[in-house]
Amino acid sequence: MLSHARFLRVSSDANDLEFDIGLIASGAIPPIDGGAALAAFTDAITVDHLSDLTTVRADLVSALGAVGAERVVSIASTFQMMNRALDGVGAPVGADLHPIAKQLGFEPTDITR
Amino acid sequence: MLSDAIIDPDPVRLTAVEQGWISLTGTGPMLTATQRHAIIGAARAAWEGADAPDVALGPAGEAAYWMAIDAGGVTSAVVGDLEARGLDRFSYLEIVGIVARLSNIDFYATGLGGSRPSLPDPDPAAPTGDVAAGAILADMWVPQVGPVRAPMVLDALPGEGNAFRAIHEPMYIPFHEIGNGAYADVLTRPQLEYVAARASYLNECFY
C-alpha cells in the first residue's frame, strides 16, 4: 500500500493532478477518469472476487471501455498476488514510508513487518 | 482459457496467465503437483467460504487457507508455529507463491467475467529440489537471495521467482517503467496506482 501510495503521489505530480492520498483509506471517489467505477470495482473484487460483479463490471466498461476495464482487472488481480506474497514472506516496510503511513492514519510502530 | 469471459483478455496477459497456470499446476521445487493442487484447492475453498482449514492437509493447508483470506494477519509467530509442526520455510515459501499466483489468475478470470481454470491431471514427477544456493534467513520470515525487492521475494526458489515475475510484469507495468511517474498505457499511472494502492489497503498490506 505505502509503496503505491508513493507512486500515486509521484505520478499525480507528473500528471499535474491534485490527489489527496488519504482517499486510498477513506474510499472516497478518486479524482481520476472513471474514478467512481474504478473504485467500486476495485473494492468489490478485492473484498470478494466470487461475488456478483455484474454491475460494477458493467459500470467499469461504461466508464473506461472494455480495454480500459480489462486493464483495471489486470491491476486489481495482480495486487491480490503481490499483497499475499509480500505479507506471506514478511517483507519489511522501509522507514522511508513511515510518513506516508501516518498520512493514511497508521502509526508506523504498529506495522509489524 | 477465458473463452467465456465477458471482457476479452489482453492477448499478452492471456498468454501470461496460460503459462502461469501451467507452471502453477506443475511440479514444484518442494511439493509435488498433487500437493500443489491440494494447496490450490484449499485456497479456493477458503474463498468459497470454508470457515476453517482442512485439517487433513496439516500445516500446509493452514498456510494456504490463511494466505488466501487473511495474509495480512499472518505473523512471524504463525510462520514459526507452522515450522514447528513440520512445514519447513522453503515449503512455506512455495505455498505463499502458489496462493499468490493463484490469486492473480483466479481474480483476473472472475474479474473479466470468466471461469476459473480447471486443474489438469497432476504430473507424477518428484519435486525438483530447485533451491537457490546461498539463500538465507535475514530480513523476512523466509529465505531470501539479495536485498528485499517486491518482485524478487520468492527467489530463494528460483523457478517460482521467475514464474512470479513472468506474470507480474505483463499484468502491472514493464519493470523499466516503474520509476516513471508519467508512464501511461490505456490508463494513466494515477489510475493504475490508485487501484494498486486501494486494493493493498483493503488487503491490509502495508509494503
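Author: Here is a close look at one helix pair, followed by a few things around it. This is a predicted model, in which local features need pLDDT of at least 70 and side-chain atom pairs count only at pLDDT 80 or more, while totals for chains, interfaces and linings use all residues. Residues are numbered from 1 along each chain as its sequence is written, and chains are lettered from A and ligands numbered from 1 in the order in which they are written.

Let's start in chain B, with helix 5 (residues 89–111) and helix 6 (residues 158–171), whose axes are 11 Å apart and meet at an angle of about 25 degrees. Helices here are DSSP runs of H or I with at least four residues, numbered from the N terminus. Axes are lines fitted to C-alpha atoms over the stretch in contact, and angles run from 0 to 180 degrees between N-to-C directions. The two helices of chain B are therefore roughly parallel to each other, a label for angles under 35 degrees. On the helix 5 side of chain B, the contact is made by B:E94, B:G97, B:R101 and B:N104, and helix 6 of chain B answers with B:E160, B:A163, B:F164, B:I167 and B:M171. "In contact" means that the C-beta atoms of two residues, placed from the backbone, lie within 7 Å. By class, this contact between helix 5 and helix 6 of chain B has four nonpolar, two polar and three charged residues. Ala, Val, Leu, Ile, Met, Phe, Trp, Tyr, Cys and Pro count as nonpolar, Asp, Glu, Lys and Arg as charged, and the others, Gly among them, as polar.

Now for the neighbour: 64 residues of chain A are in contact with 65 residues of chain B. Helix 4 of chain A gives the most to the side of chain A that touches chain B, with 26 residues. That side of chain A divides into 38 nonpolar, 17 polar and nine charged residues.

Most residues other than glycine have a negative phi. Yet A:D16, in the loop between helix 1 and helix 2 of chain A, has a positive phi near 50 degrees. B:L2, in the segment before helix 1 (11–24) of chain B, also has a positive phi, of about 65 degrees. A:D16 counts as exposed, with 6 C-beta neighbours inside 10 Å, whereas B:L2 is buried, with 20 other C-beta atoms within 10 Å. Buried means 20 or more such atoms, exposed 12 or fewer, and partly exposed in between, with C-beta atoms placed from the backbone.

Note on methods:
Parallel < 35°, antiparallel > 145°, perpendicular 65-115°, else oblique.
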